[in-house]
Amino acid sequence: MQRGKFASAFSRWPWLTAGLVYTLLATITIRYTRLDGGVALVWVANGFLIPWLSLNRQRLWPLAITTCIMGNAIATVWTGVGWGGLGLPVLNLLESVVTAAVLRRWLGHSYYLDSIAGFGKFALVATLFPTLDSPVAGLVAHYALGQAVVPTMFNWFVGHSLGVIMVAPLASLVLRSIRAYQGAEIRRERLAAFVLWVSPVAAVSAFTFSLGAQPLLFLPLLPMMLATLRLGRLGAAASAVTLALIASVATVYHSGPIYHLAGSTAAERLQFLQFYLAITAVTLLPVAVLMRQRRTLLERLSTSESALRLMAENSGDAMLHTNAAGRIIQATGALEALLERDANWVLGRFATELVVRQDRDALVAMHLKLMADPQSTVDFEYRVRMRDGSDKWFESRARALLDADGLPVGTISAIRDIEARKRTESELEHAATTDQLTGIANRRAFFARFDTRFDREGVLIVADLDHFKTINDRFGHHVGDAALQSYARVARGEVRASDLIARIGGEEFAYFLPGVALDEGYALCARLREALAEARFDAGKAGEHTVTASMGMVAVNATDDAASALKRADLALYAAKEAGRDCLRLAA
């Protein structure tokens with residue numbers, strides 16, 4: 001019950017708690033580290049007050065500062081400094097307030113060990129203000145205590161800056177932990193881990209400072225580093241404080257390698273102890289920062305991976321993760337449903353093994369592009385050989401994966417089935433380039449395919465059905481359509497698969513025969529006329545009929561385009577019409 005009352009008082013009046021802790025630390029340091037009648041050689045009280053001010057609301061600052069000044073003044077007088085040294089407590093509090101205000105503005109409420117940059121800013125501010133106010137401290141000590149100015153300035157700077165660097169990170173961590181665990185129980189496994197990793201630090205430190213002249217000050221670094229790697233910031237701070245307590249007690253009570261430094265005074269031993277502890281802390285704390293950043297990065301990666309996996313498994317897409325060499329190292333999502341392959345079969349294979357041979361070079365080019373430009377996003381369409389031997393279209397959107405240094409280490413691809421879309425595109429393309437009545441290419445397709453061919457040397461023939469208008473007028477357009485279809489069937493049967501045939505007008509057709517000489521063109525036209533004479537189409541009530549065609553032919557070469565070649569062939573066609581139709585004429 002009594003304990004509950006104390007806890008309630010401390011939570012109700014946090015400024016009182018701050019004042020009491022500050023007074024206790026000030027009393028201890030003045031009592032045991034003021035060796036030459038001047039200022040204390042070690043000053044850790046500011047190392048507690050600065051994080052306390054940084055973490056608490058500014059409306060609590062006046063009460064806390066007043067309490068700390070009073071406590072520091074009492075400690076100054078009670079430990080024998082005298083009334084003349086009362087200017088030093090004011091300077092101590094001014095230094096703490098200014099440092100806390102700058103850190104709060106610069107870092108906000110962030111912890112000093114949240115990042116390397118944050119720790120660097122903290123260390124800069126912690127050493128800056130003791131440097132600026134050390135001349136004032138030297139003058140106060142000179143006129144009030146009769147001390148030399150320059151040595152006092154040095155002692156003030158060393159004691160205050162190193163004291164803050166050693167104590168403030170741990171004090172901030174403890175204050176944050178108290179806030180976090182108010183009303184909650186600390187888990188046993190967490191406490192057990194703390195004891196397990198900090199105990200070797202205490203044991204090795206005690207052994208090191210139980211020795212006499214053997215300078216084995218490096219021994220505690222190993223268990224301290226292990227505690228830092230295992231416990232992070234808490235391990236680094238707890239290890240530094242454990243070493244500081246053991247080293248300080250041993251040195252004060254005439255034990256340990258620092259006390260046995262040859263030819264050193266008590267003040268020099270204390271200052272060397274501070275340098276030793278500060279260097280140890282500065283060695284461990286950045287490691288703790290890096291471990292914290294690494295743990296945060298791993299947590300974010302784990303969260304992102306879980307979210308990505310959930311999205312992939314519920315989106316119908318598959319995700320493939322390849323390394324820098326293009327080998328698949330992870331597969332998630334609807335992989336089996338899309339590729340009809342087990343994930344274990346895919347892992348370890350190169351991504352190029354999944355696609356058809358014709359698309360592999362393009363896939364390699366995409367991968368190399370991502371490795372060269374890791375900020376880009378690449379969309380890529382390709383075909384995959386399925387288990388039944390068929391080819392299926394897929395689309396991937398890929399980005400490079402970067403390591404901590406921003407260098408590409410692989411790719412991540414989202415795979416989507418686009419077979420239906422490709423089929424629709426093919427159907428639309430076919431509809432746009434095919435004459436719907438006859439099923440052969442239309443005028444647009446003929447021009448496009450002719451102009452994009454490399455082998456344009458050959459023969460171009462233009463044919464026009466004779467008396468087609470009469471057929472339409474006499475029998476109707478449906479009979480005219482039948483005549484066109486009959487002609488197209490005959491023409492397709494006479495040309496090669498590599499030849500290009502198209503309906504380029506109402507009753508006008510064009511043939512391009514690549515690699516064919518004029519005599520072969522004549523032969524084709526003769527066969528075509530003979531086939532037309534035998535091909536009959538249904539003219540309804542009029543019975544079956546045949547159709548004839550007039551044709552013009554021209555030799556083309558690589559410099560010709562479709563428009564110029566057709567123009568010359570049309571002139572030959574007009575000549576055939578004038579010659580009585582159902583014949584072939586060669587362009588001049």
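Where does T434 lie? You'll find T434 in the loop that links α15 (419–433) to β6 (441–442). Keep in mind that this is a predicted model.

T434 has a relative accessibility of 8%, so it counts as buried, the cut-off being under 20%. Leaving aside residues up to four places away in sequence, T434 touches G439, I440, A441 and N442.

L24, I28, Y32, V249, V252 and Y253 together make a nonpolar surface patch of about 610 Å². Two helices, α2 (14–33) and α10 (233–252), supply at least two residues each. The most comes from α2, which gives 3 residues to the patch. Y253, another member of the patch, sits in the loop between α10 and α11 (266–315). With a relative accessible area of 60%, Y253 is exposed, because exposed means over 50%.

Last stop: the loop between α20 (562–578) and β13 (584–586), where R581 lies. D582 is found in that loop between α20 and β13 too. Here's how the two look:

| Residue | Phi | Relative accessibility |
|---|---|---|
| R581 | near 70 degrees | 33%, partly exposed |
| D582 | near 55 degrees | 29%, partly exposed |

For R581, phi is positive even though the residue is not glycine. D582 is likewise a residue other than glycine with a positive phi.

Notes. Residues numbered from 1 in each chain as written. Predicted model: local features only at pLDDT ≥ 70, side-chain atom pairs only at ≥ 80, totals over all residues. Heavy atoms only, no water. Patch = residues over 30% accessible without salt bridge, like charges linked within 9 Å, V, L, I, M, F, W, Y side chains within 5 Å. Areas by Shrake-Rupley, 256 points an atom, 1.4 Å probe, with all protein chains shown as cover. Salt bridge = Lys/Arg side-chain N within 4 Å of Asp/Glu carboxyl O. Helix = DSSP H or I, 4+ residues; strand = E, 2+ residues; numbered from the N terminus. Buried < 20%, exposed > 50% of the residue type's maximum accessible area, 1.4 Å probe, protein only. Contact = heavy atoms within 4.5 Å.
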